[in-house]
Amino acid sequence: MNTNVMNRLQSIVGKNNIYSSQEDRIAYSYDGTPVLEALPDAAVRAHSVEEISQILKLANETGFSVIPRGSGTGLSGGSIPTKDSVILLMNHWDKIVEIDRENLTALVQPGVITADLHHAVEKVGLFYPPDPGSMTICTIGGNVAENAGGLRGLKYGVTKNYVMGIEAVLANGDIVKLGGKNVKDVSGYNLKDFLVGSEGTIAIFTQILLKLIPKPKAQKTMLAYFQNMTNAAQTVSDIIAAHIIPATLEFLDQTTIQCVEDFAGIGLPKNIGALLLIEVDGHPAQVEDETKQIIPIANKNGASEVKIASTEKEADDLKTARRSAFAALARAKPTTILEDATVPRSQLAPMVDKIQNIAEKYQIRMGVFGHAGDGNLHPTALTDERDSDEMHRVEQAFEEIFREALELGGTLTGEHGVGLAKKRYLEEWSSSGQKELMQKLKRALDPNNVLNPGKIFDVQF
Amino acid sequence: MGLLSNKNTGSETNPINYQKAALVNFPGSIEIPNEETIINCIHCGMCLSVCPTYQLTGMEKSSPRGRIRLIKIVAEGNLDLTPNFIDEMDFCLDCQACQTVCPAGVKFGQLVEASRDQIANVGKDPQHFRKRFFFRFIFPSHARLKIIAAMLRLYQKFLQKILRKIGFFHLLPKKLGRMDQLAPKISDKFSDKILKEDMRPKGEIKYRVGFLKGCLMNVMFADINKDTVDVLLENDCEVIMPKNQVCCGSLAAHNGDFKSAKSLAKKNIIAFLAHDLDAIVINSAGCSAFMKEYGELLQDDPEYSDKAKELSAKVKDVHEFLVEIDFKQPKFPVQKKITYHDACHLAHSQQITDEPRRILQAIPGLEIVELNESTMCCGSAGIYNMVRYDDSMKLLKRKVDNIVDTQAEVVIAANPGCAGQIEYGLRNREIDIKVMNPMTLLKMSYGLPPAGETE
């Protein structure tokens, strides 16, 4: 980026809000995605909607790209810098503007940490369900951009189910306000939902209005141990078939259990083949009743033990341990490549079998865990980026996993997004007309390709 | 195009090509203690949520994840020891909160200490002379430390009040004036004067333990040393305080002076292994954490590696030790509303959070209120509050705010650095909350007279 452009950028945000030292550029060269990295030209902090608008206008005029970044925990390369790019830091946009207890909404800036919002709304008896694994540090803006899921997706849905309104700056610098506090609103296109999951390619969010629900009065957290994955998967199907929808229904295979226990030390047995983490919530009587039904279902499928957390802390420790699974797997091998191929929940057991066969075929050590209840799997290859031969086999294995998932009626990614990491699979396998429509929209709304270019798909202009 | 390699991120990306030209005078790479400590970082970002310096700036380079990346690039020879890099290594408190939450088990403390060692070795540390004065001259010698402390005590007793009254410190450079305030009160009698080399319980001896008097503990918190020993005696321990013990070396090592640290470690190994001990009990968290690492520190020393491991295996934090031996239950009620601050070197370096709470919960009459962000660093961090005063004070403000919110009358800090720092924060804001040590409360509840009244 030439000095002239840098000076103009500086006159928008001020000298102290541009970070172009080598150290800063290195620190913004990555996000949570394995292997991907690239240097930005600089990082900037804007302090008003107007400043963001001016930055985007300058980008259109002079040709640099703008990459929004919250806490940089994304798993598909969404905030990896591209050529001639400036990282737009959003993590300091961290105010909870309003919690409306009559309309059950929260108005937040995009840099609010997801767990901070949880605490704030739970203090007044309300509940914001989406809880991605990185919730202690990821931001709401990033959650909306990626349409993040989490452990409670099965019963409560994902981020898109809670976004009621968005204020955003479009690629050309226009400021728009979409949606609002109305539960019913059909005045025109449902535009705010188009921005959910747009992965930073369409707009920069500046305010987000979220739906809240009353906090469930009771909850119970259980662990069920199994000798193998098949029995655990069958238990999941049987629980759903009994018309019980737990808030959380997570599974971990043996490799994952061992790594998680090494980190958390909460007494998980390391010799079992699989475990299910189940949480039911709601009215106390319902919670009691559902717990009573789940235990025999697990036992019928050969559970060696079913344990109920006796305190809230014990329940929290179990869920925290589950959230650590992805990173804890790094204890086994230095590079962990995590995917989130997702299948309709009825196909869970066959998909798990297929993953195990594929891992064997390519001689890859694979840890498998995920959101069993909603078919969202996280097969994680345990590898070493220094071993190019193995890395090649990992790539082949994942290609086959994706193909199998799609054949079972599944999708490439359940909650991490396409970004750079799964871009080429989208090229091959997007459903009829989907990619072309997305490209048309991108061309229309960002004709100079300044916002997060090259993410999700490439566009010819 | 493929999934995994950098080249595959599309034609639009900017592959990293570090400018080798800038490295003509590259003074040598950081010696990473163990390559796995760096490569295991999968940059998931979980550490950002608990890092005090990231909380202060919101900048990635001031986070553990950012620092690890910078260290990696320096270690690979692609970045010089730049002023920015040195400043980031210095800005880190080495509180190790990041290690507690790191699912991948990255040993961040070792990485930052290795970097500081390299920075010091090539003479690039801007605080070099001040640190060397402390770590090579003052701390290694209990005698010199005591002379300085005695001078400080005289000063605090007679001169300080007068000078403060006449506004003398306004005439001095700001930094010197602060040193006057930061120093905790020097004890009237140093603990090695109050305590004997071999102390025996009234009844039957169940355990024979060594006791480290500590540098600061000895001269600034002598009463707490006395309380700790009394509690141990009450629990049927014979307490040996070897005369030839020295500073544990932790302050030196945390600031990258491994040479001093190793020489001190060897002296302590000789001093403590001369006695047949069941455990070496320590009431200063930084010291116990570091002495548990002697084994690693001296692993390449043919003469000392086995002895170092033997000593490390015996080191126990006093709370850890008391819970392990199923300490005698206290009976006398202590009517106080208290809150507990977790010292970094207990909570993060040693994962000791339950044990002090269990001891406090055993004391009848205490009302215990949990402290918000109890495991976040108070900003003391060795000599951090002296060398990075402004950053330290921001963290202290946050800590004191949280303490005030609990409405407790006493805050419990089980580590001398934290106790001094929090006391300073409270005093500065004229807040009437006392700082106490768990051992003092336990001793009270055993019905023993306070330290000052036993002599």
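These notebook entries follow what I looked up on two contact surfaces in a predicted model.

Conventions. I number residues from 1 along each chain as its sequence is written, with chains lettered from A and ligands numbered from 1 in the order in which they are written. Because the model is predicted, local features need pLDDT of at least 70 and side-chain atom pairs count only at pLDDT 80 or more, while totals for chains, interfaces and linings use all residues.

Chain B against chain A. I looked up the contacts (C-beta atoms, placed from the backbone, within 7 Å) and found 38 residues of chain B in contact with 50 residues of chain A. On the chain B side, helix H1 (35–39), helix H3 (64–75) and helix H4 (83–91) each supply at least two residues, and H3(B) gives the most, with four residues. Elements here are DSSP runs numbered from the N terminus, helices being H or I of at least four residues and strands E of at least two. By class, this side of chain B has 16 nonpolar, 16 polar and six charged residues, where Ala, Val, Leu, Ile, Met, Phe, Trp, Tyr, Cys and Pro count as nonpolar, Asp, Glu, Lys and Arg as charged, and the others, Gly among them, as polar.

Domains of chain A. I noted domain 1 (3–89), domain 2 (96–214) and domain 3 (218–407) in chain A, with bounds from an automatic or database domain assignment. The centres of domain 1 and domain 2 of chain A, taken over C-alpha atoms, are separated by 23 Å.

Domain 1 against domain 2. I found 15 residues of domain 1 of chain A in contact with 19 residues of domain 2 of chain A. On the domain 1 side, helix H3 (49–62) and strand S3 (65–69) of chain A give two or more residues, and the largest share, seven residues, comes from H3(A). By class, I recorded six nonpolar, eight polar and one charged residues on that side of domain 1 of chain A.

Note on methods: Contact = placed C-beta atoms within 7 Å.
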